[in-house]
Amino acid sequence: MKDPELDILIKDLETKAHLSLAEYDGIAHALAYLLPETVPDEVMAPVQISTTDGAVHVADVAYPNWVVNIHGRANEKNGNWRCTLRESDVRDSDTFIGTGNSPVLAQAILAAVLRLAATRKKD
């Protein structure tokens with residue numbers, strides 16, 4: 001997967017309020033590429049990862065014992081959610097941090113997972 005393709009997926013996650021099942025399928029493929037053998041296929045099913053519970057499960061399986069910080073404001077139109085994945089919430093010197101922002105909580109979590117996985121894969 002090339003970086004521009006990943007950038008498009010993350011941009012869609014962070015800007016669109018409604019993604020299609022086909023778009024979630026593309027995200028599942030990106031996760032499979034970035035996290036081979038880490039996250040089982042059934043965890044990355046498009047229907048699963050489109051939910052907040054499913055997205056948190058992906059983060060949990062991919063990065064066990066990491067800290068998931070979620071901050072946001074819900075409203076009737078769209079929320080405003082931020083997700084940060086860190087190895088520790090005690091120190092500010094984590095080597096890798098994943099971040100995501102989206103009107104949909106599940107999408108903010110997935111954006112953070114994708115960013116973190118891509119950064120770690122480069123090293």
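Hi everyone, let's start with a pair of strands: β1 and β2 (residues 80-86) run antiparallel and are joined by 7 bridges. By pairing I mean that DSSP finds at least two bridges between two strands. Helices (H or I, at least four residues) and strands (E, at least two) are DSSP runs, numbered from the N terminus.

Before going on, a word on the source: this is a predicted model, where local features need pLDDT of at least 70 and side-chain atom pairs count only at pLDDT 80 or more, while totals for chains, interfaces and linings use all residues. Residues are numbered from 1 along each chain as its sequence is written, and side-chain values use heavy atoms, with hydrogens and water left out.

Back to our strands. Within this pair, G72 sits opposite W81 of β2. The whole sheet is open and has 3 strands, ordered β1-β2-β3, with antiparallel pairing. Because β1 (67-73) and β3 (97-102) are the edge strands, each with a single partner, one side of each has no neighbour in the sheet. On average, neighbouring strands are turned by 10 degrees against each other, direction ignored. Axes here are lines fitted to C-alpha atoms, for helices over the stretch in contact, and angles run from 0 to 180 degrees between N-to-C directions.

What packs on this sheet? Helix α5 (residues 105-122) does, touching β1, β2 and β3, and its direction makes about 150 degrees with that of β3. Contact means heavy atoms within 4.5 Å.

Now to the charged side chains. The structure has 3 salt bridges, each being a side-chain nitrogen of Lys or Arg within 4 Å of a carboxyl oxygen of Asp or Glu.

One of them pairs R115 with E14, with the closest N and O atoms 2.7 Å apart. R115 belongs to helix α5 and E14 to helix α1 (residues 3-15), so this pair ties together parts that are 101 residues apart in sequence.

K16 has a salt bridge with D12 (4.0 Å, N to O). K16 also forms one with E23, where the closest N and O atoms are 2.6 Å apart. Through shared partners, D12, K16 and E23 are joined into one network.
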